[in-house]
Amino acid sequence: MNRRHLLATAALGLSLAFGGAASAQDKTKACFVYVGPIGDGGWTYQHHQGALDVQKAFGDKVEIAWQENVPEGADAERVLTQMALGGCDIIFTTSFGYMDPTNAVAKKFPNVKFEHATGFKRESPNVSTYNARFYEGRAVQGTIAGRMTKTNKIGYIGSFPIPEVIMGINSYYLHAKKVNPDVELTVVWAFTWFDPAKEADAAKAMIEQGVDVIASHTDSTAPLAEAAKAGGKVIGFGQASDMAEYKPSPRVSSIIDNWGPYYVKRVGALMDGSYEQADAWEGISGGEVLIGEITDAIPAEVKAEAEKIRDDIAAGTYHPFTGPINKQDGSAWLAEGQTAPDGDLLGMGFYVEGIKGDIPK
Amino acid sequence: MFGGIDPALLIASLMVASVPILLAAIGELVVEKAGVLNLGVEGMMIMGAVCGFITAVVTGSPALGFLGGAAGGAGLSLLFALLTQVMQANQVASGLALTLFGLGLSSLLGQGYVGIKPPHTGVVPFGPLADIPFFGKVIFGHDPLVYLSVLAVAAVWAFLRHARGGLILRAVGESHEAAHALGYKVRRIRVLAILFGGAMAGLGGAYVSLVRVPQWTDGITAGAGWIALAIVVFASWRPWRVLLGAWLFGGITVLQLNLQAAGSGIPVEYLSMSPYLITILVLVIMSSGRGRAALNAPASLGQNFHAAR
């Protein structure tokens, strides 16, 4: 405890020293913490594209640094402390599991700005959170899934049972059900963000059960690689990144995370002094969630239907969670015409009516 | 069908799922039997994965790809051999460094290969045998590496138990001083064992990138090398138990995903932790048998040998 205290004090002193030096040089240092490798072709890859956009936008005025494969938990705290000591002015922590480490380290370094992706805790004034409304993209995917399935079995590979993933599952299912009342959803929890072999096994297990449309909420392209082995009988979606190498099938569309505009905006605000604590949650309309090209493997009328959902969401005329919607146990959640409040979504811990199985705790 | 799962499909996919860890573990078993502890299995596997992938993509031949993978793993293990057998460096530290180095180097080599599909590895054509109900799917529907991995276990078992070379290898692992006094080239034997271990790990890695998940992604092995290391201890350095351990680990992972997909009521948490629970259980049972497991570990494991000492 003593040692930690000492470290914290030393860290504070150093950060002040470095912080002073950095502002003297007039160069802002933006740092990024990644949960997987940049080469995952998905989640981390997209965050890194955003980081590169920052470099492009500000050129010499900005220095970027990043660390890949940082485990969620105690290791993250060490990495964050090191970054803060190393002169980072703003640190983006890009996975849900960094929530507590980010808040803990932020307390020790009040002069460093912390931005935590997909979380909801902002315990000190220098912590902001940002997220994207991926469930809007899931609505588009669900529509395609419901129309395209021949076995009426669709699948979803979940990573961890957190609100972010659960709202994706619910949105996917609701929209598949809307166009195809007979559809059944199979959810498999992989309990990892990145393990290509396990993700492929999960996809394989579902295909063996007769699932023919697979959406995934993990970071690699492995589920699509597995779907490709089925020889055209199984389709899936690009997740986080376009995953265009699996076009036109099995990848028939995708959700693309577009973090660049947000990163550029925040780093820019830090540089011109207009930076404030924020809780950002943009979706399709804000350009943070892009829907990748819907390929010709999908019939034109289904494509048009999916694109209409996308455009309605973008225009703000349609909310993917619009009542009446019941919870899995049959109790009412949203009344007719009511849309889901953000608070409900961010703390979502239940399946909607019709999904089978329990959410692991 | 029971519980919505087809047992034939389940057994078939567990055999496929356990090939990488089985190959890596049987290689590491030989290395440890020679008295060398190489913790760099993960690094060698991922080097095998990237080298095998690149070779297969460039040449268009999966067979050459597997050879390339084995060469990649063996190449990296040569570095370990140089450090520990020539420079007398600490084996644990060198092995860990090897893993870190392998992960980084593979990421560098794989830069231009993300998103490419490798040539397809076909199944061995057994003709009418593949149509036998149940057994056709379970036994006769796999790619060559599945059979090779089982053959490798049999070969290692026969070599260690019945061949003169195996006896010498075990002697080196049990007491390098005594083996040296008898005139055996301790270092040369160990280097050869390390190379074999590297090649097998590389082969296992290539299986991941060419068959299991036919693509290259950074960090694709995702800890399989560590499981292989654990299986060697789990198997108390016996080849057939390595096979059992690998199928158990591979099997339970596949089983738990299948049970989820089939919508069984068993909570996911229990399924996810079951491989580890079983490992602990087996270790407890083994070590309670009058320390036989401890006796089974090669006596010179992890110790460096220098002839002048």
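Which loop of chain A does A:P248 lie in? A:P248 sits in the loop between β9 (235–240) and β10 of chain A, where strands (E, at least two residues) and helices (H or I, at least four) are DSSP runs numbered from the N terminus. This is a predicted model, in which local features need pLDDT of at least 70, side-chain atom pairs count only at pLDDT 80 or more, and totals for chains, interfaces and linings use all residues. Residues are numbered from 1 along each chain as its sequence is written, chains are lettered from A and ligands numbered from 1 in the order in which they are written, and side-chain values use heavy atoms, with hydrogens and water left out.

- Most residues other than glycine have a negative phi, and most peptide bonds are trans.
- The peptide bond from A:K247 to A:P248 is cis, with omega near -10°.
- Another cis bond joins A:S249 and A:P250, with omega about 10°, and A:P250 is also placed in the loop between β9 and β10.
- That loop holds A:M243 too, a residue other than glycine whose phi is positive, near 55°.
- A:M243 counts as buried because its relative accessibility is 4% (buried means under 20% relative accessible area, exposed over 50%, partly exposed in between, with a 1.4 Å probe and protein chains only).
- A:T118 isn't a glycine either, yet its phi is positive at about 65°; look for A:T118 in the loop between β4 (113–117) and β5 (127–132).

**Aromatic rings**

- Over all chains there are 25 aromatic pairs, meaning rings of Phe, Tyr and Trp (its six-membered ring) with centres within 6.5 Å; planes under 30 degrees apart count as stacked, over 60 as edge-to-face and the rest as tilted.
- One of these, A:F134 with A:W259, is edge-to-face, at 6.0 Å centre to centre and 75° between the planes.
- The two partners are 125 residues apart: A:F134 is in helix α5 (residues 134–148), while A:W259 is in the loop between β10 (251–257) and α9 (260–272).
- Both A:F134 and A:W259 are buried.
- Ring pairs also tie these two into a cluster whose members include A:F32, A:W43 and A:Y262.

**Charges over rings**

- A:R133 lies over the face of A:W281, 4.1 Å from the ring centre (the cut-offs are NZ of Lys or CZ of Arg within 6 Å of the ring centre and within 35 degrees of the ring normal).
- A:K327 does likewise over A:F350, at 4.6 Å from the ring centre.
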